[in-house]
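Colleague: Please take a close look at one part of this model for me, the disulfide and the strands around it. Keep it brisk.

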Amino acid sequence: QVQLVESGGGLVQAGDSLRLSCTLSGGSISNYDVAWFRQAPGKEREFVGTMSWIGLSLTATYRDSVKGRFTMSGDSFKNTVYLQMNRLKPEDTAVYYCAARARPSDEYTYWGQGTQVTVSS
């Protein structure tokens, strides 16, 4: 059974950085597309970025508001995907979730429990 566990959230000030981790168990992460979503209080969950292994290469796409500030990376030996968040803004405050889908599925079937990121101004 595939499970995802996030870690790395916390309380930081605007302009600071955080790195979130998402570790997959029950499978090989290189066989999955992995995405990050976030949900702020009172708002709908939104897509942050997604990453796929294409052979030995990683490809990633991001929502416009985080481009240039957030970077996804992965370590297939650790079965872990990272979300490096730089120049954080108060509007980045949310619970961040990682999700995975087994290719060629279009649906993110597996979800982590979420990790809170709070950015103070």
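Modeller: A disulfide here is a pair of cysteine sulfur atoms within 2.5 Å. The structure holds one. It joins C22 to C98, with S to S at 2.1 Å. The angle about the S-S bond is 65 degrees, and the link of C22 and C98 is right-handed. C22 lies in strand 3 and C98 in strand 9 (residues 94-102), so the bond ties together parts that are 76 residues apart in sequence. Strands are DSSP runs of E, at least two residues long, numbered from the N terminus.

A word on the source. This is a predicted model, where local features need pLDDT of at least 70, side-chain atom pairs count only at pLDDT 80 or more, and totals for chains, interfaces and linings use all residues. Residues are numbered from 1 along each chain as its sequence is written, and side-chain values use heavy atoms, with hydrogens and water left out.

Now the burial. Buried means under 20% relative accessible area, exposed over 50%, partly exposed in between (1.4 Å probe, protein chains only). C22 is buried at 0%. C98 is buried too, with 0% relative accessibility.

Two strands pair if DSSP finds at least two bridges between them. Four strands form an open sheet in the order 1-3-8-7, with antiparallel pairing. Strand 1 (3-7) and strand 7 (70-75) are the edges, each pairing on one side only. Strand 3 (residues 18-25) pairs with strand 8 (residues 80-85) over six bridges, in the antiparallel sense. There, L18 stands opposite M85 of strand 8.
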